[in-house]
Amino acid sequence: MGNRNLLLASRIADILLRLNNGQTLHLDKLAEDYGVNKRTIRRDIDERLCALPLERDEKTGGYRLSPGLLGRFDSNSIEIFSKMSGVKGLFPALNKSILNAIASPSAQQNFLVHGHKYISSGDQSENFSRLQIAIDGCRRVNFSYTRNDLRRTYHVAPYKLINFNGVWYLAAEHDGRIKNFTLTKISELDCTFETFIPDEALLNHLKQEESVWGKTEKFEVVLKVSSAVAEYFLRRQLLNEQVVEKKMADGGLILSTQISHKKEILPIVQYWIPHMKIIAPEILQKELEHDIKNWLDE
């Protein structure tokens, strides 16, 4: 998370802590405390904290948390909510259901986020919320899944919702191992009442795995970034395990990253065309050019 989002998350966390303690907060005082303008605090209240049931004192103009949620947030849930509020556009749903899940002790088991790009993955708010509830309740789910124009039916134990470079996946146990399912390819979701006991070994594997491809062996990809967009990659790490290998005379960059599967990097390069090119391995750049040419010829 970049410095700007870190500052935002810290501010949201402190505001939530004050509300959780029963304080009534005023925009002018908050702006003074955090060294920002009043419009920023207004945005915090109206947009980033809109999922909270806040009450407004008509006489003083102050804001306070609804009595039903007072004291429900611990330090862990405050940290989770503040980070989610700072990157709210990333989540298909940030509503009362998600809020209640964050305030529960098992919230940290539901979500993982890797990477920083927010790519729309379609309207997945209904499935997202229902899967979050199933994970929290350790309930098995059934769904249809379409891959390469083939549809299969799965009966799985859901473990986590994982965001990798803006795309949401369901990490679930199937046939004794973790598989990752793209949310946009899931349909006919049925959350059953059949429960399961999470496997600690699989949970630990998910915590340690930085890729949704489930491969331990990684390989290096070297990329050239033009000066037109170099500042974005210098400002924060837009690639997992990003390393700036060289700053070029024209302002461009040579970057390297470690990946487990080509699909971790090809969509990113496509997103930054014409300002990014794969230097090595050359086969990936040739594959990308071939796919683009086929698309243009259609």
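This is a predicted model: local features need pLDDT of at least 70, side-chain atom pairs count only at pLDDT 80 or more; totals for chains, interfaces and linings use all residues.

Colleague: Which strand is Arg140 in?

Modeller: Arg140 is in strand S4, which covers residues 139-147.

Colleague: And is Arg140 buried or exposed?

Modeller: Buried. Its relative accessible area is 19%, and the cut-off for buried is under 20%.

Colleague: OK, what about its neighbour Arg139, which ring does that one lie over?

Modeller: Arg139 lies over the face of Phe193, 4.8 Å from the ring centre.

Colleague: Speaking of rings, how many aromatic pairs are there in the whole structure?

Modeller: A search turns up 11 aromatic pairs. Take Phe128 and Trp168: their ring centres are 4.9 Å apart and their planes sit at 75°, so the pair counts as edge-to-face. This pair links distant parts of the chain, with Phe128 in helix H6 (residues 125-136) and Trp168 in strand S6 (residues 167-174), 40 residues apart.

Colleague: Are those two buried or exposed?

Modeller: Both come out as buried: Phe128 has a relative accessible area of 0%, and Trp168 has 1%.

Colleague: Which residues make up an aromatic cluster?

Modeller: Phe143, Tyr145, Tyr154 and Phe181 form one.

Colleague: Switching to helices now. Which residues of H3 are buried?

Modeller: H3 runs over residues 38-48, and its buried residues are Thr40, Ile41, Asp44, Ile45 and Arg48. If you look down the axis of H3, those buried residues fall within an arc of 135°, so they line one face of the helix.

Colleague: Why would residues spaced like that point the same way?

Modeller: An α-helix has 3.6 residues a turn, so residues three or four places apart point the same way.

Colleague: Nice. What caps the N-terminal end of H3?

Modeller: That's Asn37. One of its side-chain oxygens lies 3.1 Å from the backbone nitrogen of Arg39.

Colleague: How far is Arg48 from Leu8, going by C-alpha atoms?

Modeller: Their C-alpha atoms are separated by 9.9 Å, and the two residues are 40 residues apart along the chain. Leu8 belongs to helix H1, residues 3-20, and it counts as buried at 5% relative accessibility.

Colleague: How many salt bridges does the count come to?

Modeller: The count comes to 11. Among them, the side chains of Arg235 and Glu231 meet at 2.9 Å, N to O. These two are both in helix H8 (residues 230-235), 4 residues apart. Arg235 counts as exposed at 56% relative accessibility, while Glu231 is partly exposed at 43%.

Colleague: Last one: which residues are linked in a network of salt bridges?

Modeller: Arg18, Lys29 and Asp33 are linked that way.

Methods. Residues are numbered from 1 along each chain as its sequence is written. Side-chain values use heavy atoms; hydrogens and water are left out. Buried means under 20% relative accessible area, exposed over 50%, partly exposed in between (1.4 Å probe, protein chains only). The arc is that of the directions from the helix axis to the C-beta atoms. A polar contact is a pair of N or O atoms within 3.5 Å; within protein, one must be able to donate a hydrogen and the other to accept it, and residues adjacent in sequence count only if both atoms are side-chain atoms. Rings of Phe, Tyr and Trp (its six-membered ring) pair if their centres lie within 6.5 Å; planes under 30 degrees apart count as stacked, over 60 as edge-to-face and the rest as tilted. A charge sits over a ring if NZ of Lys or CZ of Arg is within 6 Å of the ring centre and within 35 degrees of the ring normal. A salt bridge is a side-chain nitrogen of Lys or Arg within 4 Å of a carboxyl oxygen of Asp or Glu.
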